[in-house]
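Please work through the following exercises with the sequence and the model at hand. Each task is followed by a solution in steps.

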Amino acid sequence: MQPPAEMVHWLFATGFLLLGLVLLAEPIVGEEVWRMRRWRVYLWPGLAFALGVLMWPVMAFYTNSAIHMLAHGAWAESLMAAGAAELGLARGKLRHPAWRVLTFVGLLVSGLAFLVHEQNPWLFARSAFLHHLLGWTCVVASLIPLARVFRPRSAALQSAFALVFVALAVMLFTDRDVAPVFGHLSPVAGAPHR
Amino acid sequence: MDSQLATPIPAVRERRSARALAVSSLGPLTVLAGFAWAFAQPYRVTLLHPRGESFWWLAIEPPLLVVLAGLAFWLVVARPLVADLEERDAAAR
């Protein structure tokens, strides 16, 4: 009764898309309007934390290999830590802007987890290509939350941060378990379905 | 007596309405993108032509997930946000 791995990617893509839209809305309206309702302040950190929590069942049920389990576990922890730090900052329990470094760490670990648990080369199949692409996108884009530590009120940085999640969502939605990429599909990948 | 019939609209108000428009269009644009994807790749919507698929293949339809995310953002986040933005604009006038 377990969903295929590609569906897990699509469900996380939905979460990332929602996260991207929420993050994009904040710089458009400005911080003052965004904070007019208290629940909105907790929205994106809460979503990030929830996505971290949801990585645990992925770690527990999709144990293709030890490296998969370790990558998903590290990923879950780093996402939860990033979400928790942002929740603390939103609530006012944490005050120092350096706590935002955990968001940088969260995205960097996410990227490394994507790269580490993909053992096949780029053009093996679509899922392999996307794991490499997603990994490198997260690694490079982790510089954006790092820059936000020093410029937390920059609308340009926040918009760029939001668009990263929208881009990640698009990549995750295009993921298939066995499908060709640019006409390439390794004969050992299996038969593509639908 | 003021003979000027058309009063100039302050630039700030124009910018704010553009902001409201931008926020309120994010949700519908996402929904539209989901429907466009469903039209471009109808085979990704398994419900349209079920052929003995298991539960998950009928429950998880990627283009519909995009529509769902857009709707959730539109109804839960964007609408109250635009209301707050307009309330703040009205208070500032």
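The model is predicted, so local features need pLDDT of at least 70 and side-chain atom pairs count only at pLDDT 80 or more, while totals for chains, interfaces and linings use all residues. Residues are numbered from 1 along each chain as its sequence is written, and chains are lettered from A and ligands numbered from 1 in the order in which they are written.

**Exercise 1. Classify A:Leu157 as buried, partly exposed or exposed.**

Step 1. A residue is buried if 20 or more other C-beta atoms, placed from the backbone, lie within 10 Å of its own, exposed if 12 or fewer do, and partly exposed in between.

Step 2. A:Leu157, located in helix α9 (residues 155–173) of chain A, has 18 C-beta neighbours inside 10 Å and is therefore partly exposed.

Step 3. Two residues are in contact if their C-beta atoms, placed from the backbone, lie within 7 Å. Apart from neighbours within four places in sequence, A:Leu157 contacts A:Ile144, A:Ala147, A:Arg148 and A:Arg151.

Step 4. The buried residues of α9(A) include A:Gln158, A:Phe161 and A:Phe173. Their cover includes α1, α7 and α8 of chain A, together with α3 of chain B.

**Exercise 2. Describe how α7(A) and α9(A) are oriented to each other.**

Step 1. Axes are lines fitted to C-alpha atoms, for helices over the stretch in contact, and angles run from 0 to 180 degrees between N-to-C directions. The two axes are 10 Å apart, at an angle of about 175°.

Step 2. Angles over 145 degrees count as roughly antiparallel, under 35 as roughly parallel, 65 to 115 as roughly perpendicular and the rest as oblique. α7(A) and α9(A) are therefore roughly antiparallel.

Step 3. In the contact, A:Leu130, A:Leu133, A:Leu134, A:Thr137 and A:Ala141 of α7(A) meet A:Val164, A:Ala167, A:Leu168 and A:Met171 of α9(A). By class, this contact has 8 nonpolar, 1 polar and no charged residues. Here Ala, Val, Leu, Ile, Met, Phe, Trp, Tyr, Cys and Pro count as nonpolar, Asp, Glu, Lys and Arg as charged, and the others, Gly among them, as polar.

**Exercise 3. Which residues have the most contacts inside the largest nonpolar core?**

Step 1. A nonpolar core is a set of buried Ala, Val, Leu, Ile, Met, Phe, Trp, Tyr and Cys residues joined through C-beta atoms within 7 Å.

Step 2. The largest such core has 61 residues, and A:Val22 and A:Ala25 have the most contacts inside it. α1(A) provides the largest share, 14 residues.

Step 3. Not counting residues up to four places away in sequence, A:Val22 touches A:Leu43, A:Trp44, A:Leu47 and B:Val77.

**Exercise 4. Characterise the side of chain A that touches chain B.**

Step 1. In the contact between the chains, 19 residues of chain A meet 22 residues of chain B. α1(A) gives the most to the side of chain A, with 12 residues.

Step 2. By class, this side has 16 nonpolar, 1 polar and 2 charged residues.

Step 3. Chain B itself has 3 helices and 0 strands, and 22% of its 93 residues count as buried.

Methods
Helix = DSSP H or I, 4+ residues; strand = E, 2+ residues; numbered from the N terminus.
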